[in-house]
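Please study the structure shown below together with its sequence. The paragraphs that follow treat one topic after another.

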Amino acid sequence: MRHIVPADTGDDEGESLLVRRIKNGTVIDHIDGGEALNVIKILGIVGTTAEALSIATNVPSREMGKKDIVKISNRELSKEEVDRIALISPKATINIIRNFKVCEKQGVEIPTLIIGSVRCPNPGCITRTNEPIKSRFEVLPDGKGLRCLYCDSVITKDLTSYII
Amino acid sequence: MHREGQVTHHIISIGDFDRSAIDRLLDHAEQIGKNRYDKNALDGKILAVLFFEPSTRTRMSFESAMARLGGSSISVSSVEACSMAKGETLADTIRVVSGYADAIVIRHPKEGAARLAAEFATVPVINAGDGAGQHPSQTLLDLYTIRQSMKIDGIDAGLVGDLRYGRTAHSLASALSLYGVRLHTVSPPGLELPPALVRSLAEKGMEIVVHDTIEEVVKDLDVLYVTRVQRERFPDSTSYFNVASSYRITPELLAGAKKHLIVLHPLPRVDEIDPRLDASPHARYFEQSKNGVPVRMAMLLDVMR
């Protein structure tokens with residue numbers, strides 16, 4: 001089940017009205033406005049899914065102006081998934097829900113090293129072959145981009161399109 | 001490159017070196033160049049020379065360097081001639097060859113291939129060029145050649161030619177940034193230094209000046225480094241010849257240059273340097289090529305001892 005919910009409440013609290021509470025799972029809040037569908041892509045949901053999934057886009061937010069929210073039932077995120085979300089939405093917060101209660105709440109942190117999550121933009125890079133290696137990128141200072149540790153190619157924009 | 005906590009030493013990128021590591025290696029090469037070295041230093045050692053791309057100078061000078069130190073070389077000359085033609089990965093090839101040799105020198109068309117090789121090898125790996133990426137041994141011999149004529153610190157160096165795809169230009173520019181060198185570039189439109197490299201050099205504090213013609217800068221230069229403009233970068237041969245001729249270095253062009261200016265080229269040259277320049281005291285490209293041997297001897301000793 002997937003709801004795309006147009007959001008027109010005026011405050012952060014009102015967003016709970018937008019989508020139904022979940023019993024167990026994860027709520028990803030404070031996603032940069034418009035990035036929710038990319039977060040879904042990071043979670044590997046590109047087609048149908050058995051779990052309940054709710055997406056709210058461009059919800060008015062006091063702190064951020066506009067934000068997106070993703071709720072997914074019966075799933076907790078791996079560290080790799082959280083790291084990838086941090087790349088496109090560094091202000092995101094991850095709320096783990098168990099029996100309708102927020103059991104854990106944490107911000108995301110841009111990692112210093114990204115392994116296997118990003119495709120090198122350079123078609124001549126050795127990571128774009130059948131070699132038994134994962135791509136490796138270092139995050140440039142201040143998160144200004146990523147540098148491939150094999151070929152030194154740098155990604156500074158449109159990062160989402162390179163996320164595997 | 002000696003890496004902390006790592007038993008095996010590799011030389012993959014000039015970016016892995018700091019200034020003192022470069023100077024130490026060049027000092028050693030200088031001693032070797034004066035014939036002060038142990039001719040049996042690598043007696044009984046075997047160097048695997050894995051070249052998956054054509055090469056004359058780099059390959060032969062590594063083999064020559066190994067022989068002069070008393071060691072021997074085994075080689076593969078192309079993808080077609082080895083198991084990679086049967087679909088074997090480079091990773092597996094490297095694992096296997098690690099069992100046959102005491103060090104591996106690799107040239108490969110894919111960028112980052114040498115870095116991969118270093119991950120899978122159990123012996124030292126030296127990068128002899130990976131695609132449009134790194135070519136550290138060329139850079140070290142370029143620096144060595146400059147050092148023979150002048151102190152590198154604070155000079156004005158000009159890079160001319162294909163600066164976008166030319167790996168020798170990228171590596172040299174990075175190395176020169178460690179010496180407070182002012183960099184001048186002259187290249188055909190579309191073949192300028194990659195923006196990411198320019199940004200990285202600028203962050204290291206390097207002053208970079210872009211020029212439209214060689215004429216406007218040649219009188220200020222201490223070093224003129226010429227690279228080949230490759231024909232395949234142009235849509236047709238007419239546009240190639242038009243561009244190539246405007247980047248040709250001639251004795252007339254150097255008429256107003258500093259007396260001590262040296263002209264370098266990683267070779268092979270095609271049309272970019274007039275053969276009449278060969279007899280000029282400015283011309284150092286054949287000396288530069290010859291310097292590949294002592295520099296590569298120092299590199300082999302660095303990783304194998």
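In strand 6 of chain A, A:Lys101 is the bridge partner of A:Arg98. Helices and strands here are DSSP runs numbered from the N terminus, where a helix (H or I) has at least four residues and a strand (E) at least two. The model is predicted, so local features need pLDDT of at least 70 and side-chain atom pairs count only at pLDDT 80 or more, while totals for chains, interfaces and linings use all residues. Residues are numbered from 1 along each chain as its sequence is written, and chains are lettered from A and ligands numbered from 1 in the order in which they are written.

Strand 5 of chain A and strand 6 (residues 101-107) of chain A run antiparallel and are joined by 6 bridges; two strands pair if DSSP finds at least two bridges between them. These strands form a hairpin with 2 residues between them, and A:Asn99 in the turn has a positive phi of about 50°. Strand 5 (residues 93-98) of chain A is also joined by 5 bridges to strand 2 (residues 25-32) of chain A, and these two run antiparallel. Within this pairing, A:Asp29 has A:Thr93 in strand 5 of chain A as its bridge partner.

Chain A as a whole contains 2 helices and 10 strands. Along the sequence their pattern is β-β-α-β-β-α-β-β-β-β-β-β. Of its 164 residues, 34% count as buried, a residue being buried if 20 or more other C-beta atoms lie within 10 Å of its own, exposed if 12 or fewer, and partly exposed in between, with C-beta atoms placed from the backbone.

How many residues of chain A are in contact with chain B? There are 14, and they meet 13 residues of chain B; contact means that the C-beta atoms of two residues, placed from the backbone, lie within 7 Å. The side of chain A that touches chain B has 7 nonpolar, 5 polar and 2 charged residues. Ala, Val, Leu, Ile, Met, Phe, Trp, Tyr, Cys and Pro count as nonpolar, Asp, Glu, Lys and Arg as charged, and the others, Gly among them, as polar.

In chain B, two helices meet. B:Pro136, B:Gln138, B:Thr139, B:Asp142 and B:Leu143 in helix 5 of chain B are in contact with B:Thr168, B:Ser171, B:Leu172 and B:Ala175 in helix 6 of chain B. By class, this contact comprises 4 nonpolar, 4 polar and 1 charged residues.
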